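Please provide a structural report on the protein shown below, covering its strand pairing, aromatic pairs, nonpolar cores and disulfides.

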Amino acid sequence: MKRRTFLGGRRSLCLVAGLSAMTATCMTPGQYKIYRVAQAEADQSSGCYPSDPGVDVTGDSTTFRTGLTFAIFAADSDTFFMDIAGVSLEGTQNGSEYSFKGNSVDVMTIAADTTLTVTTDTVVDVEIKGAKISGSAETTITQECSGPGCPMPANSQCITTQDFLGAEVKGAELEYPL
């Protein structure tokens, strides 16, 4: 099923990544690169819909892409971070491939004997070919509920995948308030 959404859909971080043509040994702590990418339409698993979404969702399609700007910076020669909207994902490099990962767990008591746990896992994989970057981001949201007051469905898993393509923005600088 295809649905126009912004990386991850419901309650997830909207995340996308990219990297420069520089290797880890060339980017030192304190250095950063700015990227502009265009995200394709998101693909969501059937677990993203508590009931049949109908043709209003499944019949939709678009060739429009969503633009996004973010930064990559080096913590040391082996560790990189993707920074977007004040949120960072930690990543590593293997040759021309990079992988960024993030996880959050939200445990809520929704009734006296009922606990809802929502886990969000995001993986962003990037490949570099010269100044061109491409990759995909996958966000998995798992909901697990125990107790008599659970919403229906009590347990679900929504997987959203989104491909992207872009390049480094030359001459851009970050501005962050202290």
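The model is predicted, so local features need pLDDT of at least 70 and side-chain atom pairs count only at pLDDT 80 or more, whereas totals for chains, interfaces and linings use all residues. Residues are numbered from 1 along each chain as its sequence is written, and side-chain values use heavy atoms, with hydrogens and water left out.

The structure holds three aromatic pairs. Rings of Phe, Tyr and Trp (its six-membered ring) pair if their centres lie within 6.5 Å; planes under 30 degrees apart count as stacked, over 60 as edge-to-face and the rest as tilted. Two of these pairs are described here. F73 and F81 are stacked, at 5.4 Å centre to centre and with 20° between the planes. F73 is partly exposed at 28% relative accessibility, and F81 is partly exposed at 21%. F80 and Y98 form an edge-to-face pair, with centres 5.6 Å apart and planes at 80°. This pair links distant parts of the chain, since F80 lies in strand β5 (residues 80–84) and Y98 in strand β7 (residues 97–111), 18 residues apart. F80 is buried, with a relative accessible area of 1%.

Strand β5 is largely enclosed by the rest of the structure, because four of its five residues are buried. Strands pair if DSSP finds at least two bridges between them. β5 pairs with β4 in the antiparallel sense over four bridges, and a hairpin joins β4 to β5 through five residues. Five bridges join β5 to strand β6 (residues 87–94), also in an antiparallel arrangement. F80 stands opposite A74, and its bridge partner in β6 is G91.

## Overall architecture

The protein has one helix and 10 strands, where helices (H or I, at least four residues) and strands (E, at least two) are DSSP runs numbered from the N terminus. Along the sequence, the elements follow the pattern β-β-β-α-β-β-β-β-β-β-β. Of the 178 residues, 37% are buried. Among contacts (heavy atoms within 4.5 Å) with a separation of 6 or more, 63% are between residues 24 or more positions apart. The protein exposes about 9800 Å², of which carbon and sulfur atoms supply 52%; accessible areas come from the Shrake-Rupley method with a 1.4 Å probe, and for residues only the protein chains shown count as cover.

## Nonpolar cores

In soluble globular proteins, nonpolar side chains tend to be buried together. A nonpolar core is a set of buried Ala, Val, Leu, Ile, Met, Phe, Trp, Tyr and Cys residues joined through side-chain atoms within 4.5 Å. The largest one here has 18 residues, and F70, I72, M82, F100, V124 and V126 have the most contacts inside it. The elements giving two or more residues to this core are β2 (32–39), β4 (66–74), β5, β7, β8 and β9 (132–146). β4 supplies the largest share, four residues. Another core lies apart from it and has five residues, including L116, V118, I141 and C145.

T117 is found in strand β8 (residues 114–129) and is buried, with a relative accessible area of 18%. Leaving aside neighbours within four places in sequence, T117 is in contact with V105, D106, V107, T142, Q143 and E144. The C-alpha atoms of T117 and V105 are separated by 6.9 Å, although these residues are 12 apart along the chain.

## Disulfides

A search of the whole structure finds two disulfides, each a pair of cysteine sulfur atoms within 2.5 Å.

| Disulfide | S to S distance | S-S torsion | Handedness |
|---|---|---|---|
| C48 and C158 | 1.9 Å | about 90° | right-handed |
| C145 and C150 | 2.0 Å | -95° | left-handed |

C145 is buried at 11% relative accessibility, and C150 is buried at 17%. With bonded cysteines counted along the chain, the disulfides follow the pattern 1-4, 2-3.

Methods:
Buried < 20%, exposed > 50% of the residue type's maximum accessible area, 1.4 Å probe, protein only.
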